[in-house]
Amino acid sequence: MNLETNKKYKLIISLIFEVIFVIAGLFLSIAYGSKSIPLSDIAGYFLGSNDDAFQIAVISARIPRTVFGLLAGAALGVSGALMQSITRNPIADPSILGVNTGASLMVVIGIAYLGISSGIELIGLSFVGALLTAFFVYAIASVGYGGANSIKLALAGAAVSTALGALVNTIMLPDSQVMKEFRFWQVGSISGATWEDVRLLIPFFIIGIVFAVACSSALNALSLGDEMAVSLGVKVGQIRIVSAVAGVLLCAAVTALAGPIGFVGLMMPHIVRQLIGNDMRIIVPMSAIGGAGLLTFSDVLGRVLGRPGELEVGIITAIVGAPVFIWIVWKTKTRSI
């Protein structure tokens with residue numbers, strides 16, 4: 001078996017596993033909560049043979065949450081893949097770089113001082129905050145010898161995130177109404193997702209995914225170095241800006257509607273890269289599928305572990321993602337020695 005054939009088999013097996021992962025997450029997300037529903041009854045709901053009014057009401061309420069979780073996970077997975085590719089950094093992620101916190105700051109400013117409450121306006125504010133924070137963190141990390149390497153980006157992101165988090169608390173804590181409206185953003189939750197949230201997210205999701213796919217070939221060339229990419233006809237500056245905007249847009253839309261859910265964008269692109277290589281034309285769609293499954297399963301796990309209540313999905317992804325983050329940093333540092 002030659003190398004190319006082996007890679008194709010790996011890709012097919014990985015794709016099959018991810019699709020099964022997503023489908024299983026979808027059904028488990030509908031099945032589990034404060035009231036569990038047998039999978040056979042869920043199948044009956046979709047086939048029109050379930051006439052239990054209570055089960056129908058519960059399933060109908062859980063479906064938009066599940067759909068939103070799938071879209072949000074896919075968006076975060078692709079956002080992380082783009083950020084890692086642009087910065088050539090395996091630990092680039094919206095939560096690590098402080099982008100989530102920047103988005104959250106603008107959201108709380110909008111709620112506290114501008115009287116904004118509509119989803120589309122919050123997404124706009126979130127996008128501005130996330131974009132400014134991303135460029136600010138990268139600028140800080142680029143100062144000095146060695147440019148924006150992994151450790152400097154992580155440190156700059158942590159410092160900026162801490163500072164912006166303090167500003168969020170300064171604005172939020174004195175105002176009980178703002179604190180009430182904003183509290184679910186603090187850890188990230190999709191428990192209140194509705195069909196309206198899904199409709200708000202879909203346009204930004206489509207735009208971000210389309211640009212990510214369109215830039216994937218150029219990002220492959222960019223990974224060879226700026227000079228090589230230019231010699232291949234790639235407009236380096238333009239590709240970086242478009243890819244960054246797409247990644248930030250995906251992250252900002254999810255953050256505005258669900259809060260700062262971390263580590264999904266860190267884990268999935270890294271796992272995909274370890275399995276099937278560095279081709280962004282494959283990493284982008286595979287990160288989307290894997291991210292959808294990961295966030296949905298994390299949400300289910302939060303419901304199971306938190307019974308009779310639930311643990312927010314942001315807590316679960318942090319618990320799972322923190323060890324992965326430490327491992328990636330350790331591996332990166334080991335390679336640089």
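# Buried charges and a surface patch

Me: Arg-62 lies in helix H3. Which side chain of opposite charge is nearest to Arg-62, and how far away is it?

Reply: We are looking at a predicted model, so every value here is computed from it. Arg-62 is buried, yet it has no salt bridge. A salt bridge needs a side-chain nitrogen of Lys or Arg within 4 Å of a carboxyl oxygen of Asp or Glu. The nearest side chain of opposite charge to Arg-62 is beyond that cut-off: it is Glu-310, at 8.3 Å.

Me: Which backbone oxygen does the side chain of Arg-62 reach?

Reply: Let's start with the surroundings of Arg-62. Leaving aside neighbours within four places in sequence, Arg-62 is in contact with several residues, including Tyr-32, Gly-33, Ser-34, Lys-35 and Arg-303. For one of these contacts, the side chain of Arg-62 comes to 2.4 Å from a backbone oxygen, and that oxygen belongs to Lys-35.

Me: What ties Glu-310 to Arg-65, and how many residues apart in sequence are the parts joined?

Reply: Glu-310 forms a salt bridge with Arg-65, the closest N and O atoms being 2.7 Å apart. Glu-310 lies in the loop between H12 and helix H13 (313-336), and Arg-65 is in helix H3, so the pair ties together parts of the sequence separated by 245 residues.

Me: Does Glu-310 count as buried, partly exposed or exposed, and what is the reason?

Reply: The buried class ends at 20% relative accessible area and the exposed class begins over 50%, with partly exposed in between. Glu-310 has a relative accessibility of 32%, so Glu-310 counts as partly exposed.

Me: What separates Arg-303 and Asp-299 along helix H12?

Reply: These two residues form a salt bridge, with the closest N and O atoms 2.8 Å apart. Arg-303 is buried, and so is Asp-299. Because they are 4 residues apart in helix H12, the separation is about one helical turn.

Me: Which residues do salt bridges that share partners join into one network?

Reply: Asp-299 has a salt bridge with Arg-303. Asp-299 also pairs with Arg-65, and Arg-65 pairs with Glu-310. The shared partners make one network of Arg-65, Asp-299, Arg-303 and Glu-310.

Me: Which backbone oxygen does the side chain of Ser-79 reach?

Reply: Ser-79 lies in helix H3 and is buried, with a relative accessible area of 0%. Leaving aside neighbours within four places in sequence, Ser-79 is in contact with Pro-94, Gly-247, Leu-250 and Cys-251. Its side chain reaches a backbone oxygen at 2.8 Å, and that oxygen belongs to Gly-247.

Me: What is the relative accessibility of Pro-94?

Reply: Pro-94 sits in the loop between H3 and helix H4 (99-113). Not counting residues up to four places away, Pro-94 touches residues including Ser-79, Gly-80, Met-83 and Cys-251. Pro-94 counts as buried because its relative accessibility is 2%.

Me: What is the phi of Phe-263?

Reply: Phe-263 is in the loop between helix H10 (236-258) and helix H11 (264-276), and at 15% relative accessibility it counts as buried. Most residues other than glycine have a negative phi. Phe-263 is not a glycine, and yet its phi is positive, at about 75°.

Notes:
Residues are numbered from 1 along each chain as its sequence is written. This is a predicted model: local features need pLDDT of at least 70, side-chain atom pairs count only at pLDDT 80 or more; totals for chains, interfaces and linings use all residues. Side-chain values use heavy atoms; hydrogens and water are left out. Helices (H or I, at least four residues) and strands (E, at least two) are DSSP runs, numbered from the N terminus. Buried means under 20% relative accessible area, exposed over 50%, partly exposed in between (1.4 Å probe, protein chains only). Lys and Arg count as positive and Asp and Glu as negative; His and the chain ends are not counted. A polar contact is a pair of N or O atoms within 3.5 Å; within protein, one must be able to donate a hydrogen and the other to accept it, and residues adjacent in sequence count only if both atoms are side-chain atoms. Contact means heavy atoms within 4.5 Å.
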